Amino acid sequence: MAKSEARNVDKNNVRIDTTTNWRQINWRKMEKTVQRLQARIVKAQQECKYGRVKSLTRILTRSFAAKVIAVERVTSNQGSRTPGIDGIKWNTAKCKTQAILELQQESYRAKPLRRKYIQKQNSTKMRPLGIPTMKDRAMQALHNTALLPISETTADLNSYGFRPFRCCQDAIMQIAKMMSRNTRPQWILEGDIKGCFDNISHEWVMENIPVEKRILFQWLKCGYLEQNQLYPTKSGTPQGGTISPTIANMTLDGIESMLNVKYKIRSKFKGRRCWICPPSKENRHVNFIRYADDFIVTGNSKEVLENEVKPMIKAFLMERGLELSEEKTLTTHIENGFDFLGFNVRTYNGKLLIHPAADRVKRLMQKIDDLLKRYRSISPQILIDKLNPILRGWANYYRYVSSSATFAKIAHWLWGKLWHWACRRHQKKNKAWIKQKYFFRILGKDWVFAAKDKNGHIISLFDITHVKIRRHIKIKASYNPFAQEDADYLH
């Protein structure tokens, strides 16, 4: 079976040699070849034919098409400008063509990671990143191409982080769907995992992640280089590795299924659906939603969440080398509200309200305030070019919930900051002169901060209050982008 499959794949692949031209590659053909193999992996996984999954995975990771796609992905993103410890960047067509030749599993040896630190959001602590070499990134992308169809097939239905075609808004809409009912759950367990990426058990990963063991072992144990000194890695997957998000997702997948077995699973009896173990009223609203390593569990009873659900999750995580943060894992009543993915969710007089979290609004204001202080002498046109992407991105993220009042508050605050910025630049000018220079009347609205470019065109500040609030259409929970039956879902 494997040999016949290999022959079929060879017919669809182009034999690569040193004369292959990167710019002449038939990308549509490469993508179709990879998609066809990924769909076969999904089908084999659904049928629990794990031997077939293994053979198809091996075929895919050794195909020319998958290698081309892997090289293209790691050279087309922002990270391509950041080299690993060898300092090599694939920034020419010749380098990319040579890279395809170098992706050979038998001779592959992973190099240590380059350690880099970035500041955590809303914290003075630094987050360690492990930056692989370009070749290691491409090899991880190659194997991730085969691992993703498996992880998407086995994933929890309400897991939304680091998954194709899923986003934060999908998770928030799922919460809105649950909490909008009259029979909504009243208590929420907010889960926080201590250093998820850094503490995943290597032993568990080696036993449960279906990647070639020799290569997977190298990625886990390659170590990192800091100040010319090599340090070993005893646990975790590197934050910065291409395949790390998929491994982390597969490590955490199973919590929802575990809870469903106890609180949700129903069976057919004489043509009617009934509970295998009928839960009490307190247990019927246990729901699980996860985005990456952040999750919430809903329930009608605080005691059920703290005395039953929380110990189950702790035992699940312990097996994988992880643990909950006791300080940040909280149980909250829905009337008091909780923050999740930058949104605040609560009920007021029986009505569900979802709006931007207060700390995210404060963080945005602080960012703009720092920018105005840093660029006191630049032209208004450059200032607008710096502010508009920040405002537009923030508004697009929060446009799917009740954000009108927050947008108006930010716009009013920003106008005051810009007026102060303009007055500070021209302390000897009167206010009428400052108003005429920096604030225009555009589309019937006065006092719009704007500037004229070299061609005399007026460039105005993005008006966050003009962003229309609209409902986000949540993706189908069971959607699998690699499955043949879901091929037309998003079209």
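I shall begin with the overall figures, then turn to the cores, the sheets and the packed helices.

First, the conventions. This is a predicted model, in which local features need pLDDT of at least 70 and side-chain atom pairs count only at pLDDT 80 or more, while totals for chains, interfaces and linings use all residues. Residues are numbered from 1 along each chain as its sequence is written, and side-chain values use heavy atoms, with hydrogens and water left out.

Along its principal axes, the C-alpha trace of the protein spans about 85 × 70 × 50 Å. The secondary structure comes to 17 helices and 16 strands; helices (H or I, at least four residues) and strands (E, at least two) are DSSP runs, numbered from the N terminus. Of the 491 residues in the protein, 47% are buried, where buried means under 20% relative accessible area with a 1.4 Å probe, protein chains only. As for contacts, meaning heavy atoms within 4.5 Å, 68% of those with a separation of 6 or more join residues 24 or more positions apart.

Let us turn to the cores. A nonpolar core is a set of buried Ala, Val, Leu, Ile, Met, Phe, Trp, Tyr and Cys residues joined through side-chain atoms within 4.5 Å. The largest has 67 residues, and those with the most contacts inside it are I209, L259, V297, V309 and L317. What does V309 touch, leaving aside its neighbours within four places in sequence? V309 is in contact with L189, L259, Y263, V286, V297 and V304. Apart from this core lies another, of 54 residues, with L372, L391, A422 and I464 among them. In soluble globular proteins, nonpolar side chains tend to be buried together.

Next, the sheets. Strands of a sheet pair through backbone hydrogen bonds, either parallel or antiparallel; here, two strands pair if DSSP finds at least two bridges between them. Four strands form an open sheet in the order β2-β1-β4-β5, and the pairing is mixed. Because β2 (126–131) and β5 (229–231) stand at the edges with a single partner strand each, one side of each is left without a neighbour in the sheet. Direction ignored, neighbouring strands of this sheet are turned by 45° against each other on average. Strand β4 (residues 224–226) runs antiparallel to β5 and is joined to it by three bridges, and L225 has L230 in β5 as its bridge partner.

A second open sheet has three strands in the order β14-β15-β16, with antiparallel pairing. Its edge strands are β14 (439–442) and β16 (458–460), each pairing on one side only. The twist averages 65° from one strand to the next. Three bridges connect β14 with β15 (residues 445–452): F439 has F449 as its bridge partner in β15, and I442 stands opposite K445. The hairpin of these strands has two residues between them, and L443 takes a positive phi near 50°.

Helix α17 (residues 431–438) lies across β14 and β15, running at about 55° to β14. For such angles, axes are lines fitted to C-alpha atoms, for helices over the stretch in contact, and angles run from 0 to 180 degrees between N-to-C directions.

Finally, the helix pairs. Two packed helices are described by the angle between their axes and the distance between the axes. Helices α14 (residues 358–374) and α15 (residues 380–398) pack at about 175°, with their axes 11 Å apart. That makes α14 roughly antiparallel to α15, the term for angles over 145 degrees. Their contact residues divide into eleven nonpolar, no polar and three charged. The classes count Ala, Val, Leu, Ile, Met, Phe, Trp, Tyr, Cys and Pro as nonpolar, Asp, Glu, Lys and Arg as charged, and the others, Gly among them, as polar.

The next pair, α15 and α16, packs at about 170°, with axes 13 Å apart, which makes these two roughly antiparallel as well. Among the residues making the contact are L391 and W394 of α15 and L414 and W421 of α16. The contact residues here divide into twelve nonpolar, one polar and one charged.

Note on methods:
Angles under 35 degrees count as roughly parallel, over 145 as roughly antiparallel, 65 to 115 as roughly perpendicular and the rest as oblique. Buried means under 20% relative accessible area, exposed over 50%, partly exposed in between (1.4 Å probe, protein chains only).
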